[in-house]
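Here is a short briefing for a first look. Keep the sequence and the model side by side as you read.

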Amino acid sequence: METNYSQNYIMKKFLNKYIFVFSTLLLVFFIIENSFATNPNNYVSNLSSKGSFPLASNGNVASILISDNDFTGVIRVAGHLQNDLQNVTDVLPNIYNRISQPEDYMVIIGTVGNSSIIDQLVKEGKIDASQLEGKWEKFTTQIIENPLEGVKKALVIAGSDKRGTIYGIYDLSSQIGVSPWYFWADVPVIKQSELHVLPGVHTLGEPKVKYRGFFINDEAPALTGWVYEKYGDFNAQFYDKVFELILRMKGNYLWPAMWPPRKFNVDDPQNAILANEYGIVMGTSHHEPLTRAHAEWDKSLGKWDYATNAKGLQEFWRGGMERMGNKETLVTVGMRGDGDEALSEETATELLETIVKDQRKIIAEVTGKPAEETPQIWALYKEVQDYYDKGMRVPDDVTLLLCDDNWGNIRKLPSLDAKPRKGGYGIYYHFDYVGGPRNYKWINTNQIERTWEQMHLAYEHGADKVWIVNVGDIKPMEFSLQFFLDYAWNPENWNADNLQDYYSLWANDVFGGNQTAAIADIMKKYTKYNARRKHELIDASTYSLTNYNEATNIVEDYNSLAKKALAINDQLPAIYKDAYYQLVLFPVLASANINELYVSAAKNNLYAKQGRTSTNFYADKVNQLFDKDTELTNYYHKDMANGKWNHMMSQTHIGYTYWQQPNENNIPETIKIDASDDAEMGVSIEGSKEWWSGNNEDATFPIFDSFNDQKYLVEIFNRGKKSFNYRIESTNNWIEISEPEGIVENNKKIQVSINWEKAPENTQTSSIKVFGAGQEIPVSIKMNNFKKGSIKGFVENNGYIAIEAKNFSKKYEPKHFKWKVVQNLGKTGDAVISLPIKKGRIDLNKKSPKLSYNVNFLNEGIVKVHMYFSPTINYSTREGMYFGLSFDKESPIKINYDSDPTIFNYNGKVPSNWHSNVADNIKIITTEFKINEAGNHVLNYYRIDEGLVLQKIIIETEKSQLKETYLGPPESLKID
Ligand code: REL
């Protein structure tokens, strides 16, 4: 019986702990036999059971047998298993190349067709080679009785090819508790003395995406500083660690670091040899053809210009191919300008076609094989996509590497009915980027939900040949990267319904079951908060200080997350603390800190204008938070893991003024004021940038209504050095004031609300008066005490209705269609997508898939419906991207999400609003409707095209009442 499951390793580990506990119970009841059959994901237990294999038991660890004619890389990785077993059990198992000393229990490792031992087992019918032959990267791990003379039982790990066997070995390592991140994130190995492998054929099958890997890029100052200190250079000692990491995560592909002066093949000739030995498929980035690093092009070779220097370039590329030899490589073809530049102002299609033709000629000549026998990619990156759009084609065997917009939004996908191509399609994606609108390379700002959603789209459109992601310095992208590779192994494992489990699976795996749910929650929230806006783009003006409490909420949310993260840290066993700091705590603390830094700077600037005494406090606070950023970094560099990761967080990140990073962190500008010696009162109110002191203009709160039961803040502040007494009086007894009198030292926030029981019905106006330091400042109040009556749905409030996409009142799903809530996707709540993707565009009519939102309007008139979508790019080969909207029973109107004109910028062809869309991480589409009557209505949202990700809806009912904020107002009250 084959237990053929295809979850990646992380799936297998989650229940490990519980399974052990559970199985112990079962053992007590003597029904151990079946205890693991229900969970195919774990095949190593701490308990022996019927038919199990004693990998480690009673102080013995089974010896490893691997034939010496197997791949050197497989033999090397078997050595890693030997070390892993020692790290777990404290016993170093023996490793043999031939069966000179048979033992009762042995681990036999080998590659079908490359291992005399495995081939003998196949010949004798002891293992079934048909499960492996001709397969890509597959392994089987199973127990064989009497495999060889003198051996009672063996655990046989057999691979279909080099990587298949290597994955089999590392899979066993992960089963015994060695994380792929044991080195790169100091995830501890937990000691175990009893390790028993369960019967059955354990396999992950074949991966669904053929080449899966990452690009080390933008690698200075962080990674470079670290590498220079620890290894001297980007040499084979460094890459050894990178290759191992890739393979432990079951990836197979790498674009190496290439920022000049780095040249993978030249810096250390062992680099490429080692990669090949490990079975790592090497490539070069999108603009480095025929395996040549960009930095290898020397001015003495002439101009990087095919029109004038074809010969020089051809020789250069020929050298690359000669050096490559038989090493497994995906060869980049095509050409861009010198470095990461466009080739020419115009789209030189004909020239580029000639270039690719000539490159293929070189490939064929040097390899001595037809060009199509060497795997190649052509990256449609930035302006290159335009060549393709204008009709340029490359031979069918070349993989078309489609790209995102550098901000995680895929720019092009094959049409759903595209004819199959031999080379297929791949995706080049980004978790880190250097370029406009801003570099983002400091800490992780990626949500796995968006990665899932975009790569799911890609997979559904048939882009499954290559998935490669730009990970910058590797750290601190650990979590996102592991998700990317896990998802690439089998995109069918993860869907909108189970995606949230990834957090707990990961947390459980890394932290050994300690605080799993709490850590999962932190990961989920910090990535969500960080994805709202890259830190590099945040400044003092990002969040509103006055509207909807936005800036305060942002700081409070981050700080409460930081508090929880610190509390978890206190509870964690000491051995996990280094891993926890780098994977969880640092990104949370540093992100919370930088957000508070900018909000404090904003307060300082505003308060200076208002002459508040506390202006200087916020100037000092900015200084403290700026220093704290350095402290957090210093801990990462100097204390964490005894200084192992020095330099890794040295990326500058505070005080950007344009797309390129500042040379050093620059503290935001602050102002100090000299407050008057006496007390002087000032007043500000929520929802207004104004402030009042001795002037007679009216202050007016936003409207209070009985449904939303708002509580607005009035802030009394001191403009002088002496404190003063204040008093607030209200004209009516239905106005409630949280602290009607007291003393103001600096600032005092007082809450004003309405007692709806006492308040008269319908609309009323009233006021309060604030007295202090010899002044008297009135604040007007307008309130609506509605009768509940027949109101249904989201209720209008101060000129708007705000709705989170997932809170629809009803959904309509015709046969084959589904609306899916993707939890945690988006800036404030969850997002909604329409599935299946494969159904593509459908006609719009009243029977189309529909989400309905009940709303209630206070008045008739024109309303603006603002639909907040994730900033998806129209990746499709057809015109436009459409959805439908209607109110009530009206026929839906068709709206083009992609109606903004296309422009060309440094990123190639993008929508004209691309800059603000990616910076704000939202694309808002606004449509006007006329509402003929106040009261209950239904807003309907229809699918036309697949691929749109709806996060939120804001209906603006009264012009200029909707206040400016970064995230939009919080969700309105809903009456069911
Ligand atoms: O993110 C990218 O793909 C590009 O910025 C880089 O590949 C780029 O070429 C850069 O590192 C330097 O040349």
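Helix H14 covers residues 478-489, 12 residues in all. At 1.5 Å a residue, counted for one less than the number of residues, H14 should span 16 Å, and its end C-alpha atoms are 17 Å apart, so the two values agree. Helices here are DSSP runs of H or I with at least four residues, strands are runs of E with at least two, and both are numbered from the N terminus.

The model is predicted: local features need pLDDT of at least 70, side-chain atom pairs count only at pLDDT 80 or more, and totals for chains, interfaces and linings use all residues. Residues are numbered from 1 along each chain as its sequence is written, and side-chain values use heavy atoms, with hydrogens and water left out.

- H14 is mostly covered, with 12 of its 12 residues buried. Buried means under 20% relative accessible area, exposed means over 50%, and partly exposed lies in between (1.4 Å probe, protein chains only).
- The buried residues of H14 include Glu478, Phe479, Asp486 and Trp489.
- An α-helix has 3.6 residues a turn, so residues three or four places apart point the same way.
- Pro476 sits in the loop between strand S19 (466-470) and H14. The peptide bond from Lys475 to Pro476 is cis, with omega near 5 degrees.

**The ligand site**

- Which residues come nearest to the ligand? They are Asn217, His286, His287, Tyr428 and His430, out of 13 residues around the ligand. A residue is near if one of its heavy atoms lies within 4 Å of the molecule.
- The shell around the ligand has six nonpolar, five polar and two charged residues. Ala, Val, Leu, Ile, Met, Phe, Trp, Tyr, Cys and Pro count as nonpolar, Asp, Glu, Lys and Arg as charged, and the others, Gly among them, as polar.
- The side chain of His287 has an N or O atom 2.5 Å from an oxygen atom of the ligand.
- For Tyr381, an N or O atom of the side chain is 3.2 Å from a ligand oxygen atom.
- Asn470 has a polar side-chain atom 3.3 Å from an oxygen atom of the ligand.
- Taken alone, the ligand exposes 330 Å², and the protein buries 92% of that. Accessible areas come from the Shrake-Rupley method with a 1.4 Å probe.

- Most residues other than glycine have a negative phi, and most peptide bonds are trans.
- Asp218 is not a glycine, yet has a positive phi of about 50 degrees. Asp218 lies in the loop between strand S12 (211-215) and helix H6 (222-231). Asp218 is buried, at 3% relative accessible area.
- Ala641 also has a positive phi, of about 45 degrees, and is not a glycine. Its loop runs between helix H19 (615-639) and strand S20 (681-685). Ala641 is buried too, at 12% relative accessible area.
- Pro836 is in the loop between strand S34 (831-835) and strand S35 (850-857). The peptide bond from Leu835 to Pro836 is cis, with omega near 0 degrees.

- Is Arg262 buried or exposed? Arg262 is buried, with a relative accessible area of 3%.
- Arg262 lies in the loop between strand S13 (253-255) and helix H8 (264-267).
- The side chains of Arg262 and Glu219 form a polar contact of 2.9 Å. A polar contact is a pair of N or O atoms within 3.5 Å; within protein, one must be able to donate a hydrogen and the other to accept it, and residues adjacent in sequence count only if both atoms are side-chain atoms.
- A polar contact of 3.0 Å links the side chains of Arg262 and Tyr228.

**The C-terminal span and pairs in space**

- UniProt, in an unreviewed entry, places the feature "domain: Gylcosyl hydrolase 115 C-terminal" at residues 793-971. Such annotations may be inferred rather than shown by experiment.
- Residues 793-971 are 4% helix and 45% strand, and their end C-alpha atoms lie 12 Å apart.
- Asn859 is in the loop between S35 and strand S36 (861-869). Asn859 and Gln314 are 545 residues apart in sequence and 72 Å apart in space, C-alpha to C-alpha.
- Lys241 lies in helix H7 (residues 236-248).
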